[in-house]
Amino acid sequence: MNRIKTLRQQKGITQQKLSMDIHVSQQYISKIENQESMLTEDIILRLAKYFRVSIAYLLGATDDRFSELLE
């Protein structure tokens, strides 16, 4: 399971809700969660801000959720 799926589930939202909130398709969220699609820089930034975690945490480079947190 990847961090995006974990964060989404911890927040208690559906793929559809996440897709609407960050303005992408639900199919794209599904592909990201199943590692069938690459993340763009823009989507990485949107997801980090949405979940209020650092980019490094989102991408699995650290276990510290808040290092270099985007405001």
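## Salt bridges

A salt bridge is a side-chain nitrogen of Lys or Arg within 4 Å of a carboxyl oxygen of Asp or Glu. The structure holds four of them.

This is a predicted model, in which local features need pLDDT of at least 70, side-chain atom pairs count only at pLDDT 80 or more, and totals for chains, interfaces and linings use all residues. Residues are numbered from 1 along each chain as its sequence is written, and side-chain values use heavy atoms, with hydrogens and water left out.

## A link between distant parts

Arginine 3 pairs with aspartate 63. Their closest N and O atoms are 2.6 Å apart. The pair joins distant parts of the chain, 60 residues apart. Arginine 3 sits in helix H1 (residues 3-11). Aspartate 63 lies in the segment after helix H5 (55-58). Helices (H or I, at least four residues) are DSSP runs, numbered from the N terminus.

Aspartate 63 counts as exposed, because its relative accessibility is 65%. Exposed means over 50% relative accessible area, buried under 20%, and partly exposed in between (1.4 Å probe, protein chains only).

## Within helix H2

Lysine 17 and aspartate 21 form a salt bridge, with closest N and O atoms 2.9 Å apart. Both residues lie in helix H2 (residues 15-22). They are four residues apart, about one turn of the helix. Aspartate 21 is partly exposed at 29% relative accessibility. Lysine 17 is partly exposed at 37%.

## Within helix H4

Aspartate 42 bridges to arginine 46. The closest N and O atoms are 2.4 Å apart. Helix H4 (residues 41-51) holds both partners, four residues apart, about one turn of the helix. Arginine 46 has a relative accessible area of 27%, so it is partly exposed. Aspartate 42, at 39%, is also partly exposed.

Key: Helix = DSSP H or I, 4+ residues; strand = E, 2+ residues; numbered from the N terminus.
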